[in-house]
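Here is a short briefing on one protein model. Look at the sequence and the structure first, then read the points below.

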Amino acid sequence: MKVLLFLAVVAVLEYRVDSAISCYACSSATTANCGDPFKPAGVMMQNCTSNACSKGVGEVSGVSVVSRACGTGTSDACTTASVLGISATTCICTTANCNGSSYVMASVVSTLVALMAAFYFR
């Protein structure tokens, strides 16, 4: 019974819908609440034709700009690049409105829950 409960919890945490989702769409250059920390009040939501959201952070000369939008991808991941003193990090996530939170932590939390449960049930 404990194993079934564990599998149900992991399934709920990892559930993804392979259809279009909604994402936050903004830029901290024009919407102050779009930056970090994120404040959803007054930030536009967008119905995406893709199944992912994105959050990008660019920095040049100590000034950073955050952008949030629809994205493309099949799994949660971040990439960082730096060219000529300009650095950029782009993260993709695959659940609705995930680009408004620390969505990378959601994957870490579900992984930790799975590890703790595996240790408990062994």
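Tyrosine 24 and phenylalanine 38 are both buried (under 20% relative accessible area with a 1.4 Å probe, protein chains only; exposed is over 50%, partly exposed in between). This is a predicted model: local features need pLDDT of at least 70, side-chain atom pairs count only at pLDDT 80 or more, and totals for chains, interfaces and linings use all residues. Residues are numbered from 1 along each chain as its sequence is written, and side-chain values use heavy atoms, with hydrogens and water left out.

**The aromatic pair**
- The count of aromatic pairs is one (ring centres of Phe, Tyr and the six-membered ring of Trp within 6.5 Å; planes under 30 degrees apart are stacked, over 60 edge-to-face, the rest tilted).
- Tyrosine 24 and phenylalanine 38 form an edge-to-face pair, with 4.8 Å centre to centre and 65° between the planes.
- Tyrosine 24 lies in strand 1 and phenylalanine 38 in the loop between strand 1 and strand 2 (44-47), so the pair ties together parts 14 residues apart in sequence.

**Serine 22**
- Serine 22 sits in strand 1 (residues 22-27); strands are DSSP runs of E, at least two residues, numbered from the N terminus.
- Serine 22 counts as buried because its relative accessibility is 18%.
- Beyond its neighbours within four places in sequence, serine 22 contacts Met45, Gln46, Asn47, Cys53, Ala96 and Asn97 (heavy atoms within 4.5 Å).

**Strands 5 and 6**
- Strand 5 (residues 77-83) has seven residues and zero of them are buried, so it lies largely in the open.
- Strand 5 runs antiparallel to strand 6 (residues 86-93), joined by seven bridges (pairing needs at least two DSSP bridges).
- Alanine 77 stands opposite isoleucine 92 in strand 6.
- Strand 5 and strand 6 form a hairpin with two residues between them. In the turn, leucine 84 has a positive phi of about 50°.

Definitions and conventions:
Helix = DSSP H or I, 4+ residues; strand = E, 2+ residues; numbered from the N terminus.
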